[in-house]
Amino acid sequence: MAYLCKPKSKSIHFKEGGMNKGYSKEDHYPGETTQALARRYKEILGLLGEDNEREGLQDTPERVAKAMQFLTQGYGQDPEAILKSAMFREDYKQMVIVKDIEIYSLCEHHMLPFFGKAHVAYIPNGHIVGLSKIPRVVDVFARRLQVQERLTTQIKECIQNVLHPLGVAVVIEAQHLCMSMRGVQKQNSVTTTSDFTGGFLNNPQTRMEFLRLIGSDLK
Ligand SMILES: [Zn+2]
């Protein structure tokens, strides 16, 4: 391990101001897929006991079909390509943190939302990446059916594999509607997951600094 961590005198510390780009009114979903999904959602409404012919539900199957395509659009996106599109040579070797990145994902067990915040940091090793690309990478993995643990690890691995930094840290804090709306019905429980490489893994001081900067209770 060549990396020697010195106490950090400074770190860049960005607060991500919200990733909610809103729902685009323009439809760019393949018509065939949308119609195929809509047909099945109409059937599902019937199976759930709804009168799927009633006026209020007229366009619901198609809306749901489009919403679900939006919420799973990460399948069609390449997170590594996003990072590679904005990599710059730079000798900066201090911690770069993007914190409070909003995440909205769907648990793969119930297809119910889980949502919260991701905090991502890396220590550059010759390359930095355009800061907006990190929330975009988080989004690509979140817009798929997920478990929070895998989401955390995938973000970490993507950044590690592309940037080859001296360390990556990812912490996600999220609430799962499959826990609060059903199941154990715990309204306010937050699940925290974390994954680290390099300096964040091997050097407690580096990890502690990151956790302090994101305001986490994790040790
Ligand atoms: Zn679930």
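Colleague: Before we start, what counts as a strand or a helix here?

Modeller: Strands are DSSP runs of E with at least two residues, helices are runs of H or I with at least four, and both are numbered from the N terminus. Keep in mind that this is a predicted model.

Colleague: Okay. How many helices and strands are in the protein chain?

Modeller: The protein chain has eight helices and eight strands. It has 219 residues, and 30% of them count as buried.

Colleague: Let's pick a residue. Where is Cys107?

Modeller: Cys107 sits in strand β3, which covers residues 96-107.

Colleague: Is Cys107 buried, exposed or partly exposed?

Modeller: Partly exposed, because 18 other C-beta atoms lie within 10 Å. A residue needs 20 or more to be buried, and 12 or fewer to be exposed.

Colleague: And which residues does Cys107 touch, leaving out those up to four places away in sequence?

Modeller: Cys107 touches Leu112, Phe114, Gln146, Val147, His176 and Cys178. Then there's Leu145, which is 38 residues from Cys107 in sequence, yet their C-alpha atoms are 5.7 Å apart in space.

Colleague: Which way do β3 and β6 pair, parallel or antiparallel?

Modeller: β3 and β6 pair in the parallel sense, over two bridges. Leu106 has Leu145 in β6 as its bridge partner.

Colleague: What about β3 and β4, parallel or antiparallel?

Modeller: Those two are antiparallel, with nine bridges. They form a hairpin with five residues between them, and Met111 in the turn has a positive phi of about 55°.

Colleague: How many residues of β7 are buried?

Modeller: Nine of the 10 residues in β7 (residues 167-176) are buried, and the strand is mostly covered.

Colleague: Switching to helices. Why is α4 described as largely enclosed?

Modeller: Because eight of its 10 residues (133-142) are buried, α4 is largely enclosed by the rest of the structure. Among those buried residues are Ile134, Pro135, Asp139 and Phe141.

Colleague: What covers the buried residues of α4?

Modeller: The cover includes α3, β3, β4, β5, β6 and α5.

Colleague: How do α4 and α5 pack?

Modeller: At an angle of about 135°, with their axes 10 Å apart. That makes α4 oblique to α5. The crossing is right-handed.

Colleague: Which residues meet there?

Modeller: From α4 you have Val137, Val138, Phe141 and Ala142, and from α5 you have Leu151, Gln154, Ile155, Cys158 and Ile159. Val137 also touches Pro79, Ile82 and Leu83.

Colleague: Which residues in the largest nonpolar core touch the most other members?

Modeller: Val120, Val137, Val138 and Ile155, out of 36 residues in that core. At least two residues of this core come from each of α3, β3, β4, α4, α5 and β7.

Colleague: Last one: of the contacts between residues at least 6 apart in sequence, what percentage join residues at least 24 apart?

Modeller: For the protein chain, 76% of those contacts do.

Conventions. Residues are numbered from 1 along each chain as its sequence is written. This is a predicted model: local features need pLDDT of at least 70, side-chain atom pairs count only at pLDDT 80 or more; totals for chains, interfaces and linings use all residues. Two residues are in contact if their C-beta atoms, placed from the backbone, lie within 7 Å. A nonpolar core is a set of buried Ala, Val, Leu, Ile, Met, Phe, Trp, Tyr and Cys residues joined through C-beta atoms within 7 Å. Axes are lines fitted to C-alpha atoms, for helices over the stretch in contact, and angles run from 0 to 180 degrees between N-to-C directions. Angles under 35 degrees count as roughly parallel, over 145 as roughly antiparallel, 65 to 115 as roughly perpendicular and the rest as oblique. A crossing is left-handed if the near helix is turned anticlockwise from the far one by less than a right angle, and right-handed if clockwise. Two strands pair if DSSP finds at least two bridges between them.
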